[in-house]
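Visitor: Could you show me how to read a structure like this one?
Guide: Gladly; let us look at the picture together.

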Amino acid sequence: MMRQNENSSRSRLLQSINEVSFAVNDILLYLDTHPCDEKALAYYKDVAEQRRKLMDEYARTCGPLTVDDALLTGGDTWKWMEQPFPWEKEGA
């Protein structure tokens with residue numbers, strides 16, 4: 001069972017991932033109609049890198065959030081199925 005502090009840290013990390021993912025999706029929509037906007041492209045690169053770092057951190061500390069991050073957890077087993085999914089409540 002996950003302790004309160006771990007659960008709080010996991011929740012904050014998920015919130016950060018959601019926020020930066022929103023920014024990534026939003027700027028991608030803008031770039032679809034403004035492909036030559038250099039500032040927008042630089043912003044996309046920045047938020048995409050932030051998202052990648054947060055996803056890596058989540059995979060290392062809580063387990064992979066997406067199947068794309070499953071190998072980041074290391075080890076010699078397929079960790080994807082060895083952890084509760086984000087929508088599953090601990091201890092339920």
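We will go through the nonpolar core and then the salt bridges.

Guide: This is a predicted model, where local features need pLDDT of at least 70 and side-chain atom pairs pLDDT 80 or more, while totals for chains, interfaces and linings use all residues. Residues are numbered from 1 along each chain as its sequence is written, and side-chain values use heavy atoms, without hydrogens and water.

Visitor: Which residues touch the most other members of the largest nonpolar core?

Guide: A nonpolar core is a set of buried Ala, Val, Leu, Ile, Met, Phe, Trp, Tyr and Cys residues joined through side-chain atoms within 4.5 Å. Buried means under 20% relative accessible area, exposed over 50%, and partly exposed in between (1.4 Å probe, protein chains only). Here the largest core has 13 residues, and Leu-13, Ile-17, Ile-27, Val-47, Leu-54, Tyr-58 and Leu-65 touch the most other members. Helix H1 (4-33) and helix H2 (38-62) each supply at least two of its residues; helices are DSSP runs of H or I, at least four residues, numbered from the N terminus. H1 gives the most, with 7 residues.

Visitor: How many salt bridges are there?

Guide: A salt bridge is a side-chain nitrogen of Lys or Arg within 4 Å of a carboxyl oxygen of Asp or Glu. By this rule there are 2. Arg-52 pairs with Glu-49 at 2.6 Å, N to O, and with Asp-56, again with the closest N and O atoms 2.6 Å apart. Together, Glu-49, Arg-52 and Asp-56 form a network.

Visitor: Is Asp-56 buried or exposed?

Guide: Asp-56 counts as buried because its relative accessible area is 15%, whereas Arg-52, at 41%, is partly exposed.
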